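I opened my notebook to record, step by step, what I looked up in this structure.

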Amino acid sequence: MVCDEDGFIGICPSCKSRINKAKNEGSILSYGFYGGILKSLILKFKYESNYNAGYLLANFLIEIIRESEIDIDIICYIPMIRKDERKRGFNQCKLIANEIGYNLNIPVSNCIKKVKHTKEQKKLTKEERIKNLIGAFEVTSNEDIKNKRVLLIDDVMTTGATIGECTKILKKSGVKEIIVLTIAKSNI
């Protein structure tokens, strides 16, 4: 998918080895750093609707779940405002969450809803990102998640503002434990 090498489905071992993998500790885990091949795959998926790239990225996260022996009850994902999801045609986090759930036989909940239109995060400073997201999300129902161990899926973590806001509302809704899993992390 990256180098057009014959004989490989998805990504060849050479390209995969060039991904700058993240060292993970604690409850926020990422497959790698946002750059190079990983960035290219994310952009192909999000902005070119390359679903094969999306399935490949989901499999990267499945690797982390298996290697780290993450034990969770349910998967949640970062939602998009309905208008933006219709414009793109899909929510990349939802698709990845569903692929992980399907492959690992873990239910996926759409309990988080984005209720406020916000400015595009990538154009803002860290402080602006945090302010931009205050009150942007709500839990629509806590039936699926109350007293559960939740895996929260996001594509790219930069400042952690989106993840912070969503974990805050999940905790208020009675979630027992939250593990965040992202494809990539970046710093601004």
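In which helix does Asn59 lie? I am working with a predicted model, and in it I found Asn59 in helix α3, which covers residues 51-67.

Next I turned to the largest pocket, which holds about 1,000 Å³ of space. I counted 36 residues in its lining, and wrote down Lys46, Tyr47, Arg88, Glu120 and Gln121 as those that lie nearest its centre. Among the elements that give two or more residues to this lining are α2 (36-48), α5 (92-104) and β5 (149-157). Sorted by class, the lining of the largest pocket has 16 nonpolar, nine polar and eleven charged residues.

Last, I looked at the second largest pocket, where about 260 Å³ of space lies. Its lining includes Tyr77, Pro79, Arg82, Asn110 and Lys113. Which element gives the most to this lining? I noted that β3 does, with three residues, and that α4 and β3 (112-114) each supply at least two. By class, I recorded five nonpolar, two polar and five charged residues in the lining of the second largest pocket.

Conventions. Residues numbered from 1 in each chain as written. Predicted model: local features only at pLDDT ≥ 70, side-chain atom pairs only at ≥ 80, totals over all residues. Heavy atoms only, no water. 1 Å grid on protein atoms, 1.4 Å probe; cavity = no way out; pocket = protein on both sides within 12 Å on 5 of 7 lines; lining within 4 Å. Points joined across faces, edges and corners; volume = space filled by probe spheres on them. Helix = DSSP H or I, 4+ residues; strand = E, 2+ residues; numbered from the N terminus. Nonpolar A, V, L, I, M, F, W, Y, C, P; charged D, E, K, R; others polar.
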